[in-house]
Amino acid sequence: MRILVVEDEKKVASFIKKGLEEEYYAVDCAYDGEEALFMVEANDYDLVILDIMLPKIDGLEVLEGVRGKGLTLPVLMLTAKDSVEDVVRGLDAGGDDYLTKPFAFAELLARARALLRRKEREPAGEFRVADLALDPVTHKVSRGGKEIDLTAKEYALLEYLMRNVNQVVTRTMISEHVWDYHFDPMTNVIDVYVNHLRKKIDLNSSHRLIHTIRGVGYILREIEEDAA
Amino acid sequence: MLLKTIKFKLTLWYVVILAIILSSFSLFLYFTLADSLYTGVDNKIKTMAEIVVSSARSPFGAGTSITDLDQIMTKRFGIRPLGRFIQILDESGRVGDRSTNLRDVQIPISVQTLKAASKGKTTFETVEVMGKYPLRVVTMPVTENEKMVGIVQVGSSLEGVEEALQQLLLILLIAVPVALLITSAGGLFLANKALRPVDEITQIARRIGSGDLSQRIRIKRVNDELGRLASTFNEMIAKLETSFRQVRRFTADASHELKTPLTILRGEVEVGLKKKRGMKEYQRILASNLEEISRMSRIVDDLLTLSRADMGEVSMEREEIELSTLAREVWEDLQILAREKRIQLKFMDDGFTKVEGDPLFLRQLILNLTENSLKYTPSGGKVELKVKGDQEQGEVRIFVSDTGVGIARKDLKRIFDRFFRVDKARTRNTGGTGLGLSICQWIVQAHEGQIAVESTVGKGSTFTVTLPLKD
């Protein structure tokens, strides 16, 4: 899951990015409204965390710009303005949720999870594909009841595959949703990570879940199909 | 409720006063008229009695009868004494002759009257004889050689007088209450009309009391008392609204300024505590927290200074100060900062620069302005601090000019506003609280001076402080 944090106060942006990355999200930061608009258009984010008071273009205008371009990605407004009018204006401009500063980081995480879930219309709780289970809150992954240790990137990759179960995900999609802005899509890092993940998930099991679609990408399949 | 309203009281007073005036007038009218009517009757019967008496005394007097009298009256006055009753009695009180219109009735004569007549006195009295109206009677003695020889009584019915008075009384008894009723209705109407704007003012004041300061009274008549009251009231609400808005904005700004460091403190600590980290990481978090804490202290200090200033709680010293010396000290202190940023910081002084004021606050003023200029001037730029005395004008001027980013025209007039920032991101990174220039303005005003700013975007700004020179 890839998140854009738009916040002009560098220190705030920095701890949000750090905290989110520790939850296995890929995070980019934008420090003013112009940069935010550019980045939202250039990349495929799963969530935007948006401050309202921003230099150059303010958050509400950024939001209007984003919605004006027909982008429906969830936006979590994050601001020190906490009057009812401000909240109403933020939500009416196209915000999906509103959190006032200073906030509890755990609440920010929970709201981010809720927005991501809503985007996919997923029920709360853990993801399950066959006997593979992933808990997005505790980040615990298990197969057949046996816990599997994953690195941050492996976890993020698996979560993305599980969110898109039975659908082909291309390398570009993976690079856009699992890695941040600094990722170079020309390398074979994705293939390396998928192989690591496959070893941990599928090696001790007769039932393979992760499949390669040659020249396109990968798929996490619930039912193993006959070789076709 | 109604009994307590001004319009009711006003009408009541009005009606009571009018009632007193009208009834006194009516009583006066009634009694004056009655008196003059009765006097008129008395005069007439007296005159007639005198004529009768004199004719009775004349040589051919004794034999004069009432019928002759009628003729005499007709001859003398050209009228017959209609409605007058005449009765002549002998000295013992026996009725001798009487006018025909008396028919069988006799005018009574009391013992007292008879006694008075025997002493030669004339008596007026009102007697009930016939009909429903009393008779006014004059009893006059006929004297010959100091001796009473007979009595003449002339009576006149009071019918006309009593009827007139009764009619007047009736008119007054009806007219006065009717007049009072009409005036009270009119008074109530007028009071209502005059006081309606007051009700409106009350209603609006009530709405304002419930927190809606945007309400205003519609003024129809500008120049009367209520119009003036309403416009005074409106001005007061406008002032209140402005100051409320300022206070609300100030509170919102202040809390916003404090929320940012709080957000950082809370966020960094929460993220930091999520898992075990290395010593370096903890140190970084603590150092960053310390930075935010000092930022908050600065904001709180500045806020405290300003709120004390607002409440007039700050006591200013009144000392003679050589402003150029003070400025030179500030200049020396800021050299390190200027060198760090590679900015050329110059100092100049000229003329007498003695002022009266508080050395600590004046120092803060010069420091704030110069630091401010250093903040907004990029490396390689120039900041100039100049103190110049002008004896002719009796002023000392402090100029702080820089080659910095400058301030846009639209922002110039708001530059001294609390928490106003031309660019909030830039100011926050330089560690400003957004209150420095507000404090400068307050210090200058407390010293009876002026502060002004001129600026060209991209070229730089000049702040000018003018203080009165101390001779």
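Colleague: What makes the crossing in which α5(B) passes α6(B) a left-handed one?

Modeller: α5(B) passes α6(B) in a left-handed crossing, the term for a near helix turned anticlockwise from the far one by less than a right angle, with clockwise giving right-handed. The model is a predicted one: local features need pLDDT of at least 70, side-chain atom pairs count only at pLDDT 80 or more, and totals for chains, interfaces and linings use all residues. Residues are numbered from 1 along each chain as its sequence is written, while chains are lettered from A and ligands numbered from 1 in the order in which they are written.

Colleague: Why are α5(B) and α6(B) called roughly antiparallel?

Modeller: The axes of α5 (residues 225-273) and α6 (residues 279-310) of chain B come within 10 Å and cross at roughly 165 degrees. Angles over 145 count as roughly antiparallel, under 35 degrees as roughly parallel, 65 to 115 as roughly perpendicular and the rest as oblique. The two helices are therefore roughly antiparallel to each other.

Colleague: Which residues of α5(B) and α6(B) meet?

Modeller: Among them are Leu258(B), Ile264(B) and Leu265(B) in α5(B), and Ile285(B), Met296(B) and Ile299(B) in α6(B); two residues are in contact if their C-beta atoms, placed from the backbone, lie within 7 Å. By class, this contact has eleven nonpolar, three polar and four charged residues. Nonpolar covers Ala, Val, Leu, Ile, Met, Phe, Trp, Tyr, Cys and Pro, charged covers Asp, Glu, Lys and Arg, and the others, Gly among them, are polar.

Colleague: How do you know that α6(A) is largely enclosed by the rest of the structure?

Modeller: Nine of its twelve residues are buried, so α6(A) is largely enclosed. Buried requires 20 or more other C-beta atoms within 10 Å of the residue's own, exposed 12 or fewer, and partly exposed lies in between. The buried residues include Tyr155(A), Leu158(A) and Arg163(A).

Colleague: How does the reach of α6(A) compare with the expected span?

Modeller: α6(A) (residues 152-163) reaches 16 Å from its first C-alpha to its last, close to the 16 Å expected; the expected span is 1.5 Å times one less than the number of residues.

Colleague: Is Leu412(B) buried, partly exposed or exposed?

Modeller: Leu412(B) has 16 C-beta neighbours inside 10 Å and therefore counts as partly exposed. Leu412(B) lies in helix α9 (residues 409-412) of chain B; helices are DSSP runs of H or I with at least four residues, strands runs of E with at least two, numbered from the N terminus. Leu412(B) touches Ile407(B), Val453(B) and Ser455(B), not counting residues up to four places away in sequence.

Notes: Axes fitted to C-alpha atoms, helices over the stretch in contact; angles between N-to-C directions.
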